[in-house]
Amino acid sequence: MAPPEVYSISQTPVTSHSFNADRSEVAVSLNSNDVQIFSRQGQEWKASETLSEHDKLITSIDWAPKSNRIVTSAQDRNAYVWQQSPDPQTGRMIWKPTLVLLRINRAATHVRWSPNEDKFAVASGARAIAICSFDPEGDWWVSRLLKKPIRSTVLSVDWHPNNVLLAAGSADMKARVFSAYIKDVDKRPAASVWGEKLPFNTICGEYTSPAGGWVHTVGFSPSGDVLAFASHDSSITIVYPGGPAVYTIKMPMLPLLALTWTTENSLVAAGHDCQPLVFSGSEAGWELAGSLDDANANKASGGARSGFGNASPVGRLNSAAFNTFRNADSRGIRGASDSPTAASSTESELFTVHQNTITSVRPYDGVPGNVARVSTSGVDGKLVVWDVNAITPIGAGGLAGRVGGLHLK
């Protein structure tokens with residue numbers, strides 16, 4: 001089991017990241033209105049291009065592996081599709097944006113290409129999801145809006161493998177499955193556990209967060225027959241609509257913000273707790289299997305990873321006083337001398353690879369249903385590649401995660 005590959009991309013937060021097909025390039029948003037494209041050079045990532053068109057903070061990026069197109073969404077209520085074409089003057093390949101007519105009046109929050117890459121979904125704060133397809137006559141991307149019965153900001157979306165169904169998690173504490181069928185684009189989908197007749201905006205499933213938390217992230221399993229979503233109440237829920245059965249794992253930790261399936265029976269999720277967690281199970285039950293981050297290895301090495309230097313960002317204060325304040329601010333850890341979680345005078349970093357919230361989890365190596373490695377990025381400016389088989393079990397003294405309950409729908 002290989003140790004994680006750790007790369008310090010930036011000293012600023014990484015809002016979102018997405019790799020190209022051969023993983024030689026990665027597009028990231030560094031908490032700004034520009035997209036930075038980094039190219040791999042040996043064991044380092046070097047900035048190679050900057051895509052500038054948005055006026056406000058970029059919220060999400062997705063790089064289509066087959067068509068090599070990048071779609072971006074931002075707080076300026078716009079989305080752009082970027083495609084490489086030769087410069088008429090120099091002949092050099094450059095990225096050119098194509099306009100997307102979103103028709104929303106609030107920020108765009110999340111974007112994902114469909115599996116066939118002929119349309120994409122843009123979540124927004126306008127209580128709507130824009131399903132965008134290309135109009136060759138106007139040479140732009142046009143949208144149709146999924147609205148009912150969304151009551152608040154949509155925070156994340158994920159496509160079903162059939163290219164028609166779309167899962168969405170929103171701040172109205174609901175995870176929903178919609179039909180995003182577009183007559184001129186899609187073939188009629190086969191019947192599935194989510195239904196047979198699927199006209200546009202059909203509600204195929206609606207599930208409530210267990211304790212009323214925002215639904216931060218959603219994801220279909222590789223087969224599309226299972227749905228997972230994580231909420232701000234520090235829970236993750238797995239839905240089997242064919243059962244029907246809903247399993248909820250309630251965790252004594254900070255909320256999860258992103259997830260991705262690795263096989264039909266396992267997924268990786270991460271968020272405010274700064275480490276990627278592995279959940280596994282089947283229709284008989286689910287549990288927290290462990291973490292991809294071996295905190296004991298970090299502790300033994302003094303917070304440094306072999307081959308990657310000290311975990312502390314360059315230029316950051318590294319004193320005990322600053323560390324105590326930072327832990328209290330970012331993780332709620334008090335520095336009282338009688339507290340079991342108090343930072344000692346020699347402790348200067350968290351015992352996790354990521355030193356702050358993980359904002360994105362993406363498949364890195366493998367095919368849907370058999371993902372061998374995943375990548376994460378976070379507020380600490382790091383990009384980390386993890387082996388999904390290098391699971392550190394969480395013992396009785398650590399985090400405990402079991403099936404919180406079985407609810408029949």
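Which residue forms a salt bridge with Arg176, the closest N and O atoms being 2.8 Å apart? Glu206 does.

## Basis

This is a predicted model: local features need pLDDT of at least 70, side-chain atom pairs count only at pLDDT 80 or more, and totals for chains, interfaces and linings use all residues. Residues are numbered from 1 along each chain as its sequence is written, and side-chain values use heavy atoms, with hydrogens and water left out.

## Salt bridges overall

Nine salt bridges turn up in a search of the whole structure. The term means a side-chain nitrogen of Lys or Arg within 4 Å of a carboxyl oxygen of Asp or Glu.

## Around Arg176

Arg176 also pairs with Asp172 in a salt bridge, with 2.9 Å between the closest N and O atoms. Both Arg176 and Asp172 are buried (under 20% relative accessible area; exposed is over 50% and partly exposed in between, with a 1.4 Å probe and protein chains only). For Arg176 the relative accessibility is 4%. Glu206 is partly exposed, at 37%.

Glu206 sits in strand E17 (residues 203-208) and Arg176 in strand E16 (residues 174-179), so their pair ties together parts that are 30 residues apart in sequence. Strands (E, at least two residues) are DSSP runs, numbered from the N terminus.

## A network

Glu5, Arg40, Asp365 and Arg373 belong to one network, joined by salt bridges that share partners.

## Lys46 and Glu44

Lys46 and Glu44 form a salt bridge, and their closest N and O atoms are 3.1 Å apart. Lys46 is partly exposed at 38% relative accessibility. Glu44 is partly exposed at 45%.

Terms used. Helices (H or I, at least four residues) and strands (E, at least two) are DSSP runs, numbered from the N terminus.
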